[in-house]
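Open the model in your viewer and keep the sequence panel beside it. The stops below say what to select and what is found there.

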Amino acid sequence: MLSRLKEWARNLKRDSYALYLASRDPRVPWYAKALAIAIAAYALSPIDLIPDFIPVIGYLDDLILLPLGIWLAVSLVPPDVMAECRMRASVALQRPASRAGMIAIILLWIAGAFAFAWAISVHWPR
């Protein structure tokens, strides 16, 4: 049971990245692209239909709505394009993550935070 759940989650992750790739493909209809963008926006948005701080039901929208939306968007993409995007997504997800890139991004965020704090301290009326 646990291995099937892990496989489902892995496929869901692959399909979400494949949808991103498909949304940039000119062979995909505009309505499939619009749905893929809407699903990605909802997934990344800090605003949920049901807030996550509500016990148990707070995560139901993430556990039910997102997989259903991904399934619907996948069904709207032409099968040959989706198969190609799934292959590209599988290859991309198998590549190792760059630790140097991660460190560079973290350092940029820290530098940005310090620059913002400095700008506020200099320009804020006392």
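**Stop 1: I64**

Select I64, which lies in helix α3; helices here are DSSP runs of H or I with at least four residues, strands are runs of E with at least two, and both are numbered from the N terminus. This is a predicted model, in which local features need pLDDT of at least 70 and side-chain atom pairs count only at pLDDT 80 or more, while totals for chains, interfaces and linings use all residues. Residues are numbered from 1 along each chain as its sequence is written, and side-chain values use heavy atoms, with hydrogens and water left out.

I64 has a relative accessible area of 43% and is therefore partly exposed. The classes are buried for under 20% relative accessible area, exposed for over 50%, and partly exposed in between, with a 1.4 Å probe and protein chains only. Draw a distance from the C-alpha atom of I64 to that of D15: the two are 49 residues apart along the chain and separated by 15 Å.

**Stop 2: the nonpolar core**

Next, select L19, V28, V77 and C85. Of the 17 residues in the largest nonpolar core, these four touch the most other members. A nonpolar core is a set of buried Ala, Val, Leu, Ile, Met, Phe, Trp, Tyr and Cys residues joined through side-chain atoms within 4.5 Å. Two or more residues of this core come from each of α1 (2-23), α2 (30-44), α3 (60-76) and α4 (79-94). In soluble globular proteins, nonpolar side chains tend to be buried together.

Which residues does L19 contact, leaving aside its neighbours within four places in sequence? They are A36, I70, A73, V74, V77 and M82, where contact means heavy atoms within 4.5 Å.

**Stop 3: α1 against α4**

From α1, the contact uses K13, R14, D15, Y17, A18, L19, L21 and A22, and from α4 it uses M82, C85, R86, R88, A89, S90, A92 and L93. By class, this contact has 10 nonpolar, one polar and five charged residues. Ala, Val, Leu, Ile, Met, Phe, Trp, Tyr, Cys and Pro count as nonpolar, Asp, Glu, Lys and Arg as charged, and the others, Gly among them, as polar.

**Stop 4**

Move to V81 in helix α4. V81 is at 1% relative accessibility and so counts as buried. Not counting residues up to four places away in sequence, V81 touches D25, R27 and V28. V81 and A22 are 59 residues apart in sequence, yet their C-alpha atoms are 7.0 Å apart in space.

Then select S23 in helix α1. Is S23 buried or exposed? With a relative accessible area of 17%, S23 is buried. S23 touches K33 and A36, again not counting residues up to four places away in sequence.

**Stop 5: an aromatic pair**

The structure holds two aromatic pairs. In the pair of W30 and Y31, the ring centres are 5.8 Å apart and the planes stand at 85 degrees, so the pair is edge-to-face. Rings of Phe, Tyr and Trp (its six-membered ring) pair if their centres lie within 6.5 Å; planes under 30 degrees apart count as stacked, over 60 as edge-to-face and the rest as tilted. W30 is exposed at 66% relative accessibility, whereas Y31 is partly exposed at 41%.

**Stop 6**

Finish with A38 in helix α2, which is partly exposed at 43% relative accessible area. The C-alpha atoms of A38 and G69 are separated by 9.1 Å. From A38, go to I110 in helix α5 (residues 99-123); the C-alpha atoms of I110 and A38 are separated by 30 Å. I110 is partly exposed, with a relative accessible area of 42%.
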